[in-house]
Amino acid sequence: MKLNVALLSAVVVSAAASQAQAQQVPDYYVGAGVRAGFNDSTSFVIDSKAKITELGRRTTLSVRPSLVFDNSTELRLPISVDYALDQALYPYAGAGVAYNADGRSAIDPMITAGLDWGITRNVVVDFNASMLFKPSDTDAEITATVNYAF
């Protein structure tokens with residue numbers, strides 16, 4: 001009887017631990033989604049994240065490269081500070097550069113902020129808002145992507 005109770009307890013603790021881990025946003029992911037820009041049409045996005053280093057117990061520094069496919073291809077390379085709000089929600093903010101291959105071949109500064117939401121162990125939804133500062137205007141956009149975590 002004691003063995004059955006011990007085994008049942010171990011299974012419950014293990015299931016609870018794996019559920020908590022399943023909700024944790026991982027250090028690395030890649031995925032796809034859409035961008036809606038206020039001055040641009042809706043576009044396809046390839047999104048990713050890679051942790052650079054830990055800054056504290058609940059804070060990390062990450063790079064978040066992405067590709068936006070519109071009339072031309074744009075490469076985004078922001079670096080962000082990520083904060084572990086709870087087991088499934090990680091808000092972040094940062095800055096970086098955007099390279100636009102639209103014939104202008106310009107590198108523009110950008111700021112970004114968003115939220116990673118761990119749905120399951122391997123699925124992370126990322127909601128992001130960015131501002132790109134171009135010589136002629138400021139571009140504001142929102143992206144939503146579904147990512148595979150590894």
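**Overall fold.** I took helices (H or I, at least four residues) and strands (E, at least two) as DSSP runs, numbered from the N terminus. From the N terminus on, the order reads α-β-β-β-β-β-β-β-β-β.

**Ground rules.** I note that this is a predicted model, where local features need pLDDT of at least 70, side-chain atom pairs count only at pLDDT 80 or more, and totals for chains, interfaces and linings use all residues. Residues are numbered from 1 along each chain as its sequence is written, and side-chain values use heavy atoms, with hydrogens and water left out.

**Burial and surface.** I looked up burial next: 35% of the 150 residues are buried. Buried means under 20% relative accessible area, exposed over 50%, and partly exposed in between (1.4 Å probe, protein chains only). The protein exposes about 8,300 Å², and carbon and sulfur atoms supply 67% of that area. The areas come from the Shrake-Rupley method with a 1.4 Å probe; for residues, only the protein chains shown count as cover.

**Contacts along the chain.** I took contact as heavy atoms within 4.5 Å. Among contacts with a separation of 6 or more, 41% join residues 24 or more positions apart.

**Strand pairing.** I then asked what strand 9 (residues 138–149) pairs with. Strand 1 (residues 28–37) runs antiparallel to strand 9, with nine bridges between them. Aspartate 126 has threonine 145 as its bridge partner in strand 9. A hairpin of four residues joins strand 8 to strand 9. For pairing, DSSP must find at least two bridges between two strands.

**Asparagine 122.** I found this residue in the loop between strand 7 (106–118) and strand 8 (123–133). Is asparagine 122 buried or partly exposed? Asparagine 122 counts as partly exposed because its relative accessibility is 29%. Beyond its neighbours within four places in sequence, asparagine 122 is in contact with Asn147, Tyr148 and Ala149. Its side chain reaches the backbone oxygen of alanine 149 at 2.9 Å. I also checked tyrosine 29: it is 93 residues from asparagine 122 in sequence, yet 8.5 Å away in space, C-alpha to C-alpha.

**Arginine 76.** I moved on to strand 5 (residues 73–83), where arginine 76 sits. Why does arginine 76 count as buried? Arginine 76 counts as buried because its relative accessibility is 4%. Its side chain makes a polar contact with the side chain of glutamate 141, at 2.2 Å. A polar contact is a pair of N or O atoms within 3.5 Å; within protein, one must be able to donate a hydrogen and the other to accept it, and residues adjacent in sequence count only if both atoms are side-chain atoms. Leaving aside neighbours within four places in sequence, the contacts of arginine 76 include Arg35, Arg64, Met110 and Leu132.

I searched for cavities last. On a 1 Å grid over the protein atoms alone, a cavity is a set of points where a 1.4 Å probe fits but cannot get out; lining residues have an atom within 4 Å of a point. Grid points are joined across faces, edges and corners, and a volume is the space filled by probe spheres set on the points. The structure holds one cavity of 30 Å³ or more. The largest cavity has a volume of about 170 Å³. Of its 15 lining residues, Asp47, Ser66, Asn128, Ser130 and Thr143 are the closest to the centre. Strand 8 gives the largest share of the lining, three residues.

Notes: 1 Å grid on protein atoms, 1.4 Å probe; cavity = no way out; pocket = protein on both sides within 12 Å on 5 of 7 lines; lining within 4 Å.
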